[in-house]
Amino acid sequence: MPTLTLPRLLFLSFLLRLVFFFYGLYQDAHSTFKYTDIDYYVFTDAARALSRNQSPYTRETYRYTPLLAFFLLPTTWPDWFSFGKILFALSDIVAGWGIYRVLLRMRGVTERQALWYSASCWLLNPMVATISTRGSSEGLLGVMVIGLLWAAVNRHAILSGVLLGFATHFKIYPVIYAPAILLWMEVEPSFTLPAILSRDFITTNRVMFAGTALGTFSGLNARMFYDYGQEFLQHTYLHHFVRLDHRHNFSPYSVLLYLVSSPSGHSEVPFAKLAFLPQMLLCLVVPLVGAKKDLAGTMFVQTFTFVTFNKVCTSQYFMWYIVLLPFILPYSSFLQNWKRGLVALGLWVVGQMVWLQQGYELEFLGKSTFFPGLWAANLGFFVVNCWLLGVFVEDVVKRSGKGIVVAREEKDRSWDTGFRSYSGKPTARKPGNKSK
């Protein structure tokens, strides 16, 4: 059996996406059920408006930065409509390559394991390949998040800030990573909550990171506001605080959003706005218990928390945490106890299947399944994800040392010299250093 190598893995991932891409073209041409995601038509319509010197927001339901429409301008050229799908699929592969490179920085992870984690979670994951070749832009965001993680674990303060600012401008949720990176940015002998409030917490690296992140985010927003005014702020950011989307929504808020969005619907409690409170509170608490132990694992848990408690949750949102899943698997209790892991995977998949069956009856057969069917499916999937989240948090809190992603060179402290270099070979030991 041929040995799996990085070139072979990248070739297989490219081939997988190529097959899905051409299958999608065939299905779009011969079936009433289109392969291409409706969002892709929204993206390309916005790009077409931009090519005519119009605002991308003339396309109804375009809720993204104008930069995305700018990236997709080639789709307005003759016979280049599928350019965006190719861009997103190639971004998937770049993100997968980045996952592999970061995995090589983990304690106890061999090159072979790095390849298999990258393959199983992302590069050869048919769910990931399907979503990108249908025209979802999550692959671009995956590249940004993996690039941010790489820069952060190597403590490149300015580059980390630029990438965080750009990613947050592109899609606002990466802002949740700021607290974890700030805590990780320095190697302190000890960490306590009061230490955050002390002057010693404010260091040059942390100031540079925060300053460049805020500057990049503010600069991009200022430019877009100059070009498109209030509609940019409304559609790109403010809309998400009050949105009432209930279609294709796995969230436990789905049925409530449906009831409130109806003409006769009304609620004295503005839960559409208040729904952000529990998820943001949890995303702030998680770094306090995990960031100093493992940045990558903490970022995964933060993202899983954000998606689980978000008032809108579609299949594309799963990509936000799947791209970080390889970094928690090396020490996950789900792999240490494979039976428990199979149960967890089975419940996660079955939870979606139950919801999709209810959604199919609602949207294709015209049956009113909102209550109790769809409501129960939403709650069931939410309970499964809460259980998974509890296990993931416990895994990060109980860190032993295996699986920690480390910088290529640690200037603040002498680290264990058994860390792997980017070539996958052990680094040379500095004179006088001892292994811990």
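For volumes, I join grid points across faces, edges and corners and count the space filled by probe spheres set on the points.

**Entry 1. Ground rules**

I am working on a predicted model, in which local features need pLDDT of at least 70 and side-chain atom pairs count only at pLDDT 80 or more, while totals for chains, interfaces and linings use all residues. I number residues from 1 along each chain as its sequence is written, and the side-chain values use heavy atoms, with hydrogens and water left out.

**Entry 2. Overall make-up**

I looked up the secondary structure, taking helices (H or I, at least four residues) and strands (E, at least two) as DSSP runs numbered from the N terminus, and found 20 helices and zero strands. For burial I use relative accessible area with a 1.4 Å probe and protein chains only: buried is under 20%, exposed is over 50%, and partly exposed is in between. On that scale, 51% of the 436 residues in the protein are buried. I then turned to contacts (heavy atoms within 4.5 Å), and noted that, of those with a separation of 6 or more, 72% join residues 24 or more positions apart.

**Entry 3. The nonpolar core**

I define a nonpolar core as a set of buried Ala, Val, Leu, Ile, Met, Phe, Trp, Tyr and Cys residues joined through side-chain atoms within 4.5 Å. The largest such core holds 110 residues, and F318, L324 and F327 are those with the most contacts inside it. Helix α20, residues 370-397, gives the most to this core, with eleven residues.

**Entry 4. Cavities**

My search of the whole structure gave three cavities of 30 Å³ or more. The largest has a volume of about 80 Å³, and 13 residues line it, with V307, T308, C313, F381 and N385 lying nearest its centre. The elements that give two or more residues to this lining are α16 (295-309), α17 (315-322) and α20, and α20 gives the most, with three residues. I sorted linings by class, with Ala, Val, Leu, Ile, Met, Phe, Trp, Tyr, Cys and Pro as nonpolar, Asp, Glu, Lys and Arg as charged, and the others, Gly among them, as polar. The lining of the largest cavity then has nine nonpolar, four polar and no charged residues.

The second largest cavity holds about 40 Å³ of space, and its lining consists of W122, E138, L141, G142, V145, Y173, M319, W320 and V323. Here α7 (138-153) and α17 are the elements that give two or more residues, with α7 supplying the largest share, four residues. By class I count seven nonpolar, one polar and one charged in the lining of the second largest cavity.

**Entry 5. N385**

I went back to N385, one of the residues nearest the centre of the largest cavity, and placed N385 in helix α20. At 4% relative accessibility N385 counts as buried, and, apart from residues up to four places away in sequence, N385 touches F304, T308, Y321 and W348. I also noted that the C-alpha atoms of N385 and T305, which stand 80 residues apart along the chain, are separated by 8.8 Å.

**Entry 6. Cysteines**

I looked for disulfides, taken as pairs of cysteine sulfur atoms within 2.5 Å, and the structure holds zero. I checked the accessibility of two cysteines: C313 is buried, with a relative accessible area of 5%, whereas C386 is partly exposed, at 27%.

**Entry 7. Backbone points**

I recorded that the peptide bond from F371 to P372 is cis, with omega near 5°, and that P372 lies in helix α20. N53, although not a glycine, has a positive phi of about 60°; N53 is found in the loop between α2 (38-51) and α3 (66-71), and counts as exposed at 77% relative accessibility. T61, also not a glycine, has a positive phi of about 75°; T61 sits in the loop between α2 and α3, and is partly exposed, with a relative accessible area of 39%.

Methods. 1 Å grid on protein atoms, 1.4 Å probe; cavity = no way out; pocket = protein on both sides within 12 Å on 5 of 7 lines; lining within 4 Å.
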